[in-house]
Amino acid sequence: VGMLTGCVTMGERKPSATILFSNGTEITVRLYPDKAPNTVNNFISLANAGFYDGSPVHRIVEYSLVQMGKPADSEESDAGYYIKGEFPNNGYVKNDMLHKKGVLSMARTVDPNDTKSKDYYDTASSQFFIVHEDSEFLDGNYAAFGHVTEGLEVLDAVASVATYPNDMPCKKVVIKKMSIVK
């Protein structure tokens, strides 16, 4: 057996996040800084600061998505600032990720009377969602920045929690700890 010479490139290592829920289940997501660098940096910064720890899943849209990322025990709905939306309909063409099951994407503020308004394209902050069923209508309108690599069954279980008419879960589901691995 001969020795190998030279280097073998395994590709760019992408960071990941583990979302541990209060019931002990967890979801692991791979993050894509090459698709949405500012979004990923913001998400990692908030996670490393403990921002997401103790925050609830606050919205479950049947056959669509599970949303979380509001500050824990607060009347606030975001981190107190906005970031630019890194998605094609906002002029950012590097992000070609589609909203398929398991994709992680940034939520943003929308005017309920005008969901296509460009005035709301740069209003992402801390809230994010995981797509539960393929949702083509989201493609190009939200900054997708990761996907579930482990724990799709956990996503299914969270998505099956009964909700009130406003999509708020009837049973409390909480992020116990979010950890980043680079």
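Where does S64 lie? I found S64 in the loop between strand 3 (57–61) and strand 4 (65–68). Helices (H or I, at least four residues) and strands (E, at least two) are DSSP runs here, numbered from the N terminus.

A note on the model before I go on. It is predicted, so local features need pLDDT of at least 70 and side-chain atom pairs count only at pLDDT 80 or more, while totals for chains, interfaces and linings use all residues. Residues are numbered from 1 along each chain as its sequence is written, and side-chain values use heavy atoms, with hydrogens and water left out.

**Entry: S64.** Is S64 buried or exposed? I read a relative accessible area of 7%, so S64 is buried (under 20% relative accessible area, with exposed over 50% and partly exposed in between; 1.4 Å probe, protein chains only). I then listed its contacts (heavy atoms within 4.5 Å). Leaving aside residues up to four places away in sequence, S64 touches I130, V131, H132, E133, S135 and F137.

Entry: Strand 3 and strand 4 form a hairpin with three residues between them. In that turn I noted Y63, with a positive phi of about 60 degrees. The two strands run antiparallel and are joined by four bridges; strands pair if DSSP finds at least two bridges between them. R59 has Q67 as its bridge partner in strand 4.

**Entry: strand 4, other neighbour.** Which strand 6 residue is the bridge partner of Q67? It is F129. Strand 4 and strand 6 (residues 128–131) pair in the antiparallel sense over four bridges. I also checked the faces of strand 4: L65 and Q67 on one side are buried, and so are V66 and M68 on the other. In a regular strand the side chains alternate between the two faces of the sheet.

**Entry: cores.** A nonpolar core here is a set of buried Ala, Val, Leu, Ile, Met, Phe, Trp, Tyr and Cys residues joined through side-chain atoms within 4.5 Å. The largest has 37 residues, of which F21, F43, F128, F145 and M178 touch the most other members. Helix 1 (residues 37–48) gives the most to this core, with five residues. A second, separate core has eleven residues, including V61, L65, V103 and L138.

**Entry: strand 2 and its partners.** Strand 1 (residues 16–21) and strand 2 (residues 26–31) pair antiparallel over five bridges, with S16 opposite R30. R30 also stands opposite H147 in strand 7.
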